[in-house]
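Welcome, and thanks for taking a look at this one with me. Here is a short briefing on a few local features, grouped by topic.

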Amino acid sequence: MKKKILIKNMVCNRCTSTIYTELKKAGFDIDSIELGQVILNTNSSHDDSIVESILKHHGFEIIKDETDVLIEHLKMSLIKKIESNEINNLSTFLSKHFNKSYSALSKLFSKKEGITIEKYLINLKIERVKELIQLGQLNFSEIAYALNYNNSSHLSSQFKTVTGMSMSSYRSLQNWDRKTLDQIV
C-alpha cells in the first residue's frame, strides 16, 4: 500500500533531494518523490509524526486542507509551466489542467495567497530571469524569447516594475538578490 503526502513549499530539486535523503535516513521506504509530494510505501512502521517532524525541521509542512492542496498544485503547475516554456494562455492552461473555471481558481488563489495568479506568475518569471542573467549564457532578447515574452522591451519593463532596477543594472550587481521559489507570494 502507498501513502501520498503533500508538502507545502517543496518547490525545487534541492527540496526533493533534502526530503528524500532525510526520509531515507529515518528508514522510510519511498516509492516516489516530486515537487510538492512524496509517496511512501506504507509497509514502513513509522508514524506520521516522524515524517511531520522531519519536514518541519527543514522548513516544510504537510498539507492537510483541500484548499491548500489545490493552491500548492497551482503553484507547482505554474513553476512547471515556466520550466517547460509552455506557450498556452494562462487561463486556458490552468482551466484544462485543473478542470475548473479560471475565474474560480483565480478567486481562490487571490483569497488564500493575497496575490493574483498573474502577479504570482510574473514574480516566478522575474526570478527565472534573474537566474538566466546570472548564468550569463543568454542575452536579454534570448531570455525574453525563452520565457515567451513578445519582445525584450516588455520583459525589461516588467523586470523594472517588479525589481525597481533595469536588467542591465541587475546584471552588473556583485551581490545578486534572488528569492527562492517558496518565498514568492
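With a relative accessibility of 71%, Asn99 lies above the 50% cut-off and therefore counts as exposed. Please keep in mind that this is a predicted model.

**Two asparagines with positive phi**
- Asn99 sits in the loop between H4 and H5, just after H4.
- Its phi is positive, at about 55°, although Asn99 is not a glycine.
- Asn148 is another non-glycine residue with a positive phi, here about 65°.
- The loop that holds Asn148 runs between helix H7 (140-146) and helix H8 (152-163).
- Asn148 is partly exposed, its relative accessible area being 33%.

**The buried face of H4**
- Helix H4 spans residues 90-98, and its buried residues are Leu90, Phe93, Leu94 and Phe98.
- Viewed down the helix axis, the buried residues of H4 fall within an arc of 100°, so they line one face.
- In general, an α-helix has 3.6 residues a turn, so residues three or four places apart point the same way.
- The cover over the buried residues of H4 includes H3, H5 and helix H6 (117-135).

**How H3 meets H5**
- Helix H3 (residues 66-83) packs against helix H5 (residues 102-113) at an angle of about 105°, and their axes are 10 Å apart.
- H3 and H5 are therefore roughly perpendicular to each other.
- H3 brings Thr67, Asp68, Leu70, Ile71, Leu74 and Lys75 to the contact, while H5 brings Leu105, Leu108, Phe109, Lys112 and Glu113.
- By type, the residues of this contact are six nonpolar, four charged and one polar.

Terms used:
Residues are numbered from 1 along each chain as its sequence is written. This is a predicted model: local features need pLDDT of at least 70, side-chain atom pairs count only at pLDDT 80 or more; totals for chains, interfaces and linings use all residues. Side-chain values use heavy atoms; hydrogens and water are left out. Axes are lines fitted to C-alpha atoms, for helices over the stretch in contact, and angles run from 0 to 180 degrees between N-to-C directions. Helices (H or I, at least four residues) and strands (E, at least two) are DSSP runs, numbered from the N terminus. Angles under 35 degrees count as roughly parallel, over 145 as roughly antiparallel, 65 to 115 as roughly perpendicular and the rest as oblique. Contact means heavy atoms within 4.5 Å. Ala, Val, Leu, Ile, Met, Phe, Trp, Tyr, Cys and Pro count as nonpolar, Asp, Glu, Lys and Arg as charged, and the others, Gly among them, as polar. Buried means under 20% relative accessible area, exposed over 50%, partly exposed in between (1.4 Å probe, protein chains only). The arc is that of the directions from the helix axis to the C-beta atoms.
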